[in-house]
Amino acid sequence: MVHPRFPAGKVAVMPTKRAYASPLREKAAAQTREAILGAATQLFGQRGYGLVTVADIAAAAGVSPKTVFASVGSKREIMDRIIDAGVIAGRCEEAMQQLVELRTPREVLAALAAGIRFGTESQFTVHEAIRLALPVHEDGAALWERATSNSRAAMSQTADHLHALTPRPRYGVKETADLLWLWFAPHGWRTLVAEAGWSWDRAEAAIRETAIAALYDEG
């Protein structure tokens, strides 16, 4: 028997429900993730990755452990998210785009010092969390690679650019990149600022001038 509303040969097509994403719900979820990652960053930087539990993170963020797992995942996944967020916040790629437009070695190294200083100072807690995690993380080597790959690439790119300018550094391209990493990597800034008590301004000036003097034999 043919239904009077649907002639023979016609198939009724039921409308499909469209998923509704509430902007308020999405905003609340994003705020929850931010609170969890912020709490985890502080705890990892203060106590160390190995001594912090998901329950600790949940308590600091004001949520349940179940919410932590649902929002950001396991403790290892939380650390990965912290690193990713730190890389973005450090604005390394943006700084490098400006640096390669400069045409004198002093300008380039001054821009490198300022850019690295911004990323290191603004993300100091993140760097502390990573430093303390390395000895106890499930895969410390991968964590270190994840955390430093962008910075190391920036040093190589800077070295290439310096060797395209006049005068050239007194060392080869790879050696120049290695030395830039020695001077500008986070551990050098931490030694001067956190351990020796230097101001960020003084550390930036000293690292910059050390690089210029060593690469170009300037006094």
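Arg-81 lies in helix α4. Helices here are DSSP runs of H or I with at least four residues, numbered from the N terminus. This is a predicted model: local features need pLDDT of at least 70, side-chain atom pairs count only at pLDDT 80 or more, and totals for chains, interfaces and linings use all residues. Residues are numbered from 1 along each chain as its sequence is written, and side-chain values use heavy atoms, with hydrogens and water left out.

Two residues can be set side by side. Buried means under 20% relative accessible area, exposed over 50%, and partly exposed in between (1.4 Å probe, protein chains only).

| Residue | Relative accessibility | Class |
|---|---|---|
| Arg-81 | 36% | partly exposed |
| Gln-123 | 13% | buried |

Contact means heavy atoms within 4.5 Å. Not counting residues up to four places away in sequence, Arg-81 touches Arg-33, Leu-37, Ser-71 and Val-72. Leu-37 is 44 residues from Arg-81 along the chain, yet their C-alpha atoms are separated by 7.7 Å.

Gln-123 sits in the loop between α6 and α7. Leaving aside neighbours within four places in sequence, Gln-123 is in contact with Gly-86, Ala-89 and Gly-90.

Now for helix α8. Its 23 residues (140–162) should span 33 Å at 1.5 Å a residue, and the end C-alpha atoms are 32 Å apart, which agrees. The expected span is 1.5 Å times one less than the number of residues. A kink of about 50 degrees is centred on Thr-148. The bend is the angle between axes fitted to the seven residues ending at a residue and the seven starting there. Thr-148 is also among the buried residues of α8, which include Gly-140 and Leu-162. Their cover includes α4 (75–89) and α6 (105–122).

Definitions and conventions
Helices (H or I, at least four residues) and strands (E, at least two) are DSSP runs, numbered from the N terminus.
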